[in-house]
Amino acid sequence: MKIIDWYILKRYLVTFLFTLLILIPIAIAIDISEKIDNFLEHPNLGFYEILDSYYKNFIIYYTNTFMPLALFIAVILFTSKLSNNTEIIAITNAKVSFTRFLYPYFIGATLITVISLGMNHFVVPNSSKVRRAFEKEYISNARQKNDLKFISDFSLQLTDSTYIYLRSFNTETSVGSYFTSETYDGLKLKSKLSADNLRYNSKDSTFKLTNWRKRLIFNDRDSIFEGNKIDTVFSFTPRDLIYKSALSQEMPSDELIRFINLSKKRGVKNLNAYLVELHKRTSLPIASYILTIIAVALAFRKKRGGTGVNLAIGIGIMFLYIFFMKIGEVLGSVAGVNSFLYVWIPNIIFGIIAIYLYINARK
């Protein structure tokens, strides 16, 4: 790397960190103003617990979320400054092409992309688990807690031939009511086990059924058994009953992939909310390259109005990207669609814009 490359890379990273250090305190201040009443409602909640369990993980989550925005603004800011100071004119007069000029930018974008990928796939999910547990305990209202606590009318395919049904289940007490397990041979019912209540024992991973009845169906007769209580084992746990997109945000990617594969085997039909979360963890960091090209191409040439004009155009493009990203996430979560395509649509659209601006900037 030449001196000019180190100079641009240093300015790139310093401005990026400076932009993050502006955005994160703003986010914290807004969040404190919204949640201060919730904190004051719990007199036993200490400052250290709020800081360690909530705001430490809040900072991790929003630092990772703001990375593309901070990168985009940073590139526009210091590239516009280079242009306004006629430093870019001196660089181009030295026969440095636009493609070669992008070299240190791409090194910086690669560093940020690698960090963001690692955070997205492993660090942020574990951090979100702690933060959401804190929110559930101290911030969520009674209705939200109740929605997370109770599951009703739930069905699940355990294997190719076994299905279960629960009328209701309490995730805190691990107690459910009106449980049914049916086993089929093709379309023919072979056995049916039902119980008025069941309770999960996490120590030995068994279920205790109360007032149970089991029916075995043969070609020429049926056999019926019943009893008051019985302990048995099933290939699911209460965690498998919690089908919510928020759960996916708390799983590291390796765990999330295993969960998706297991859910597919169990016949869960719509896993797109989980697939959107998995694909988004890669698509957003990769956007660093696209946004870097767009930002440099916009700020490369000196404009009337200077940095302010470039910054205004850049922020407008950034919010358009976020808008398309959110639309893609919502549409990608709908059953029956290609979630991968919808998650990557913003990168495809803005990638085309980046190519156009790159070609135009080279002229």
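This is a predicted model: local features need pLDDT of at least 70, side-chain atom pairs count only at pLDDT 80 or more; totals for chains, interfaces and linings use all residues.
**Group meeting talk: a sheet and its helices**

Residues are numbered from 1 along each chain as its sequence is written, and side-chain values use heavy atoms, with hydrogens and water left out.

How many strands form it, and in which order? There are six, in an open sheet that goes β1-β2-β3-β4-β5-β6, with antiparallel pairing. At the edges sit β1 (150-157) and β6 (222-232), and each of those pairs on one side only. Ignoring direction, neighbouring strands here are turned by 10° against each other on average. That angle is taken between axes, which are lines fitted to C-alpha atoms (for helices, over the stretch in contact), and angles run from 0 to 180 degrees between N-to-C directions.

Let's walk across part of it. Strand β3 (residues 175-185) is joined to strand β4 (residues 188-201) by ten bridges, and the two run antiparallel. They make a hairpin with two residues between them, and Gly186 in the turn has a positive phi of about 70°.

Next along, β4 pairs with strand β5 (residues 206-217), antiparallel again, over ten bridges. If you want to find this pairing on the screen, look for Leu198, whose bridge partner in β5 is Leu209, or for Ala195, which stands opposite Trp212 in β5. This hairpin has four residues between its strands, and Ser205 in the turn has a positive phi of about 55°.

Then β5 goes on to β6: ten bridges, running antiparallel, with a hairpin of four residues joining them. Trp212 turns up again here, with Gly227 as its bridge partner in β6. Phe207, meanwhile, stands opposite Thr232 in β6.

Two packed helices are described by the angle between their axes and the distance between the axes. Take helix α1 (residues 3-40) and α2: they pack at an angle of about 140°, with their axes 5 Å apart. So α1 is oblique to α2. The cut-offs are under 35 degrees for roughly parallel, over 145 for roughly antiparallel, 65 to 115 for roughly perpendicular, and oblique for the rest. Their contact divides into 28 nonpolar, three polar and four charged residues. Here Ala, Val, Leu, Ile, Met, Phe, Trp, Tyr, Cys and Pro count as nonpolar, Asp, Glu, Lys and Arg as charged, and the others, Gly among them, as polar.

Now helix α8 (residues 253-265) and α9, which pack at about 150° with axes 11 Å apart. That makes α8 roughly antiparallel to α9. Their crossing is left-handed, meaning the near helix is turned anticlockwise from the far one by less than a right angle (clockwise would be right-handed). Which residues of α8 and α9 make the contact? From α8 we have Ser253, Leu256, Ile257, Phe259 and Ile260, and from α9 Tyr274, Leu275, Glu277, Leu278 and Arg281. Contact means heavy atoms within 4.5 Å.

The axes of α9 (residues 272-299) and helix α11 (residues 339-362) come within 8 Å and cross at roughly 5°. So α9 is roughly parallel to α11. That contact has 17 nonpolar, seven polar and one charged residues.

Last topic: charges. A salt bridge is a side-chain nitrogen of Lys or Arg within 4 Å of a carboxyl oxygen of Asp or Glu. By this rule we count eleven salt bridges. One of them links Lys56 and Asp52, with the closest N and O atoms 3.3 Å apart. Lys56 and Asp52 are four residues apart in helix α2 (residues 47-84), so about one helical turn separates them.

Definitions and conventions. Two strands pair if DSSP finds at least two bridges between them.
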